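Q: I'd like to learn how to read cavities, helix faces and salt bridges from coordinates. Can we walk through an example together?

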Amino acid sequence: MKIENRQITIEPLSPVFVWSGETLYSDFDFEVNGNNVTIIDYDKLISEAKSKEELESKSKFVKELYGVKLEFKNVSAGKRSINRILDINPYIIPASEVKGLIRTAVINQLIKSDKNTFNETMNEISSRMNRLGNLAPRDKMKELRKIGQVAEGILKYNFPDPINYVYDALKTLMISDPTVQSAAFQLSEIDIVNIKKESKRESSIPVYTITFTKGRLTYDAKIVKPTNYGALSKTEIVNLDAEITWDLIVASLKNFSKVIIEDEKSKINEYKKHRQNEYHQKDDLNQYSEFMEKIQKINDCIVLKIGMFTGHSAKTIELRNDVKTKRENLLSSRRRRWDNSTLKITGGVGVGWIKMCIK
């Protein structure tokens with residue numbers, strides 16, 4: 001086997017959130033005491049409480065993550081009560097999330113690098129969108145999610161019958177879950193801000209999450225390929241595997257970084273344009289604009305967005321303008337607003353910005 005090793009490091013530039021799938025509820029999973037919030041560790045409570053009084057004093061049994069107590073002081077919730085909190089992934093940013101980001105960037109790069117491939121892909125996506133018109137809303141969304149398979153096909157080879165197997169070239173990329181060198185967390189209130197809508201919030205219900213704010217995660221990564229393909233040496237698999245290199249991955253991520261930075265700056269400017277005759281000191285996003293200018297100057301590593309609340313553009317390939325408009329119209333027809341028509345802000349900046357280094 002041919003193995004090419006690299007180390008990936010990630011540091012947060014703004015609060016980052018990858019959901020564990022668990023929601024924490026007030027007076028059971030956490031306690032609020034004034035402006036302080038304590039996440040309860042029930043395993044510790046059950047094993048260490050020695051009396052009824054200690055069982056009732058749940059806030060003494062603070063949950064820890066990588067040696068950091070999940071005890072948040074001076075949480076500013078204003079007049080709002082904190083009733084539930086989205087819990088952070090136990091790996092903070094798991095390997096699957098990192099590989100998903102790399103996959104999106106690589107597919108985007110491979111499709112865009114060839115004009116014919118790009119137009120063929122866009123035409124097929126557009127055609128499939130056209131066929132959604134007469135479907136019920138629920139069926140429409142199911143089929144819309146499947147359209148991503150069109151772009152995924154650039155990495156795949158379908159074995160003919162009777163094998164009936166789909167080979168994915170990016171399976172040659174393997175990434176370990178992270179080693180946490182250091183970490184800090186905070187309880188973040190996420191503002192979901194509509195870009196065009198008069199109301200400044202998407203919802204009156206605040207979203208609270210435990211976010212990763214400082215520290216460093218390291219991942220062992222490698223590309224593993226056979227030195228001899230044997231009976232498969234004359235198949236498309238050899239050419240697909242040849243495409244997957246560290247040079248391609250790094251170049252793809254750098255180009256994708258430019259895409260998502262420009263997209264976010266565009267949304268900030270559009271928000272300001274629609275608010276030019278208003279004055280919301282909290283919402284004018286000047287702080288976020290300054291943040292964006294600062295991170296755009298980082299050149300030693302790659303600036304990216306990862307996790308939840310990062311927007312549609314951070315998770316999908318670039319589309320031709322006509323296809324992009326068609327997708328926006330389809331997704332905007334849902335009861336909830338289309339993801340990319342909002343900005344997700346906490347502490348004056350966007351959620352999910354990271355610095356990724358590959359060495």
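A: On a 1 Å grid over the protein atoms alone, a cavity is a set of points where a 1.4 Å probe fits but cannot get out, and lining residues have an atom within 4 Å of a point. Keep in mind that this is a predicted model, where local features need pLDDT of at least 70, side-chain atom pairs count only at pLDDT 80 or more, and totals for chains, interfaces and linings use all residues. Residues are numbered from 1 along each chain as its sequence is written, and side-chain values use heavy atoms, with hydrogens and water left out.

Q: What volume does the largest cavity have, and which helix gives the largest share of its lining?

A: Rolling a probe the size of a water molecule over the atoms shows where empty space is left. Here the volume is about 40 Å³, counting the space filled by probe spheres set on the points, with grid points joined across faces, edges and corners. Helix α8 (residues 246–274) supplies four lining residues, the largest share; helices are DSSP runs of H or I with at least four residues, strands are E runs of at least two, and both are numbered from the N terminus.

Q: Which residues of α10 are buried?

A: An α-helix has 3.6 residues a turn, so residues three or four places apart point the same way. In α10 the buried ones are V323, R327, L330 and L331, where buried means under 20% relative accessible area, exposed over 50% and partly exposed in between (1.4 Å probe, protein chains only). They sit on the same side of α10 because their arc around the axis is only 90 degrees, taken from the directions from the helix axis to the C-beta atoms.

Q: How many salt bridges does a search of the whole structure find?

A: Side chains of opposite charge can pair when their charged atoms come close. The search finds 14, each with a side-chain nitrogen of Lys or Arg within 4 Å of a carboxyl oxygen of Asp or Glu. One of them joins D300 and K355, 3.8 Å from N to O. D300 is in the loop between α9 and β14 (302–305) and K355 in strand β17 (residues 353–358), 55 residues apart.

Q: Are D300 and K355 buried or exposed?

A: D300 counts as exposed because its relative accessibility is 53%, whereas K355 is buried at 18%.

How values were computed. 1 Å grid on protein atoms, 1.4 Å probe; cavity = no way out; pocket = protein on both sides within 12 Å on 5 of 7 lines; lining within 4 Å.
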